[in-house]
Amino acid sequence: MAETLRSILARRLVIVTGKGGTGKTSVVAALALAAARSGLRVLVAEVGRDEHVPRLIAPGTKPVGYAGRALRPGLTVMRIDPFEALAEYLGLQLGVRAVVDLVFRNRAFRQLMEASPGWRELITLGKIWHLEQMTTPDGDPLHQLLVVDAPATGHGLTFLDVPRVAGSAVRAGPLRKHAGWVEAMLGDPERTLLLPVALAEELPARETAELALRVRRDLGVPVDRVVVNCLVGAPFPPGLDDLDERVARLPAAATFPGLPPPGVLAACGAHLRARHELGRHWAAQIARMTGLPLVPLPYLANGIRGPDDLAQIATPLLAAPEAVAA
Ligand SMILES: Nc1ncnc2c1ncn2[C@@H]1O[C@H](COP(=O)(O)OP(=O)(O)OP(=O)(O)O)[C@@H](O)[C@H]1O
Ligand SMILES: [Mg+2]
């Protein structure tokens with residue numbers, strides 16, 4: 001199965017999604033950095049109120065904003081603010097940006113928009129579509145890889161469903177046409193990949209299974225693998241898989257200079273082994289429940305704080321996914 005899967009980097013648009021705190025932003029930054037290092041022109045679009053990607057790629061850098069900024073050669077990061085995207089869209093449609101800006105500064109208008117459902121998602125996806133369509137003067141894609149840090153699941157699926165809903169609610173006109181373009185982009189397996197990020201624990205595993213089901217059944221957005229983040233590696237060297245049990249069998253009175261008694265050492269070892277085995281169990285469950293191959297990423301004891309940490313997860317992230325036996 002793994003040989004038939006194309007590399008993540010073969011897509012033009014990768015939308016990273018998943019439950020809160022699973023490592024989406026870390027995966028976005030690692031993927032973007034690795035892609036830029038491999039020579040691609042990469043754009044990261046963060047969706048949300050705050051910026052998290054820039055400080056991972058270039059610690060200490062200033063905010064990049066809606067206009068975006070190149071943080072390294074070939075790697076630009078921007079944050080999609082729906083109000084800015086809407087002002088830009090209306091300015092282009094109406095040809096009078098100054099009037100649009102005036103309306104947008106009006107507090108009542110902003111309050112009305114804050115309370116209206118759906119438009120943020122649609123306009124954000126419209127902006128992503130526009131970025132995906134941009135070309136160089138030679139007609140090549142301006143952004144060879146566009147990586148989107150999507151909102152956490154739940155909200156994340158609404159995000160992807162809005163073009164379909166809008167397309168069926170509006171019968172004609174530019175909104176219908178534009179929703180159709182976005183829907184076509186999202187459903188095209190040649191261009192787009194939805195990349196779910198999960199943790200190997202019970203609740204994230206179940207939520208990921210539901211996500212994969214809904215994405216395939218209701219949304220039709222291509223999904224071909226699941227990233228399983230923060231897997232704790234085997235704690236003991238090869239051939240010593242039962243080290244904690246061996247230590248537990250030592251005489252209780254045995255002493256080791258500077259170390260606690262065997263019972264304490266055995267309990268520490270058993271805890272590490274249990275964490276490793278629990279991760280493997282839930283990773284296998286994710287594979288079974290989704291029917292998708294996995295991309296396992298290691299747990300880094302110091303967290304993910306900068307480019308060196310990103311490089312450590314980039315290699316397994318871009319490796320061929322593993323079909324895990326349940
Ligand atoms: N493989 C890993 N090993 C260790 N720590 C990790 C790993 N991946 C992510 N983390 C840490 O987990 C925390 C959450 O990661 P991150 O911000 O990437 O998640 P997120 O899904 O984007 O969160 P949110 O839903 O809040 O946007 C961070 O502190 C990050 O450093
Ligand atoms: Mg995040």
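I began with helix H9 (residues 202–219) and helix H11 (residues 262–290), which pack at an angle of about 15 degrees with their axes 9 Å apart. I took helices (H or I, at least four residues) and strands (E, at least two) as DSSP runs, numbered from the N terminus. Axes are lines fitted to C-alpha atoms, for helices over the stretch in contact, and angles run from 0 to 180 degrees between N-to-C directions. H9 and H11 are therefore roughly parallel to each other. I used these classes: under 35 degrees is roughly parallel, over 145 roughly antiparallel, 65 to 115 roughly perpendicular, and the rest oblique. H9 passes H11 in a right-handed crossing. A crossing is right-handed if the near helix is turned clockwise from the far one by less than a right angle, and left-handed if anticlockwise.

I then listed the contact residues. H9 supplies Glu202, Ala205, Thr208, Ala209 and Ala212, and H11 supplies Trp282, Gln285, Ile286, Met289 and Thr290. Contact here puts the two C-beta atoms, placed from the backbone, within 7 Å. By class, this contact of H9 with H11 has six nonpolar, three polar and one charged residues. Ala, Val, Leu, Ile, Met, Phe, Trp, Tyr, Cys and Pro count as nonpolar, Asp, Glu, Lys and Arg as charged, and the others, Gly among them, as polar.

A note on the source: this is a predicted model, where local features need pLDDT of at least 70, side-chain atom pairs count only at pLDDT 80 or more, and totals for chains, interfaces and linings use all residues. Residues are numbered from 1 along each chain as its sequence is written, while chains are lettered from A and ligands numbered from 1 in the order in which they are written.

I looked up helix H3 (residues 82–94) and helix H6 (residues 119–133) next. They pack at about 65 degrees, with axes 9 Å apart. H3 and H6 are therefore roughly perpendicular to each other. Their crossing is left-handed. Pro82, Ala85, Leu86 and Tyr89 of H3 meet Arg120, Ile123, Thr124, Gly126 and Lys127 of H6. I sorted that contact into five nonpolar, two polar and two charged residues.

**Ligand 1**

Which residues come nearest to ligand 1? Of the 17 around it, they are Gly23, Lys24, Thr25, Ser26 and Gly303. Helix H1 (24–37) and strand S7 (226–231) are the elements that give two or more residues to this shell. H1 gives the most, with three residues. By class, the shell has seven nonpolar, nine polar and one charged residues. A residue is near the ligand if its C-beta atom, placed from the backbone, lies within 6 Å of it.

**Two single residues**

Is Leu160 buried or exposed? Leu160 is buried, with 24 other C-beta atoms within 10 Å. The cut-offs, on C-beta atoms placed from the backbone, are 20 or more others within 10 Å for buried, 12 or fewer for exposed, and partly exposed in between. I found Leu160 in helix H7 (residues 155–169). Leu160 touches Leu186, Leu219 and Val221, not counting residues up to four places away in sequence.

Ala253 sits in the loop between helix H10 (243–248) and H11. Ala253 counts as exposed because it has 7 C-beta neighbours inside 10 Å. Its C-alpha atom is separated by 44 Å from that of Arg305, 52 residues apart along the chain.

**Whole chain**

I counted twelve helices and eight strands in the protein chain. Buried residues make up 37% of its 326 residues.
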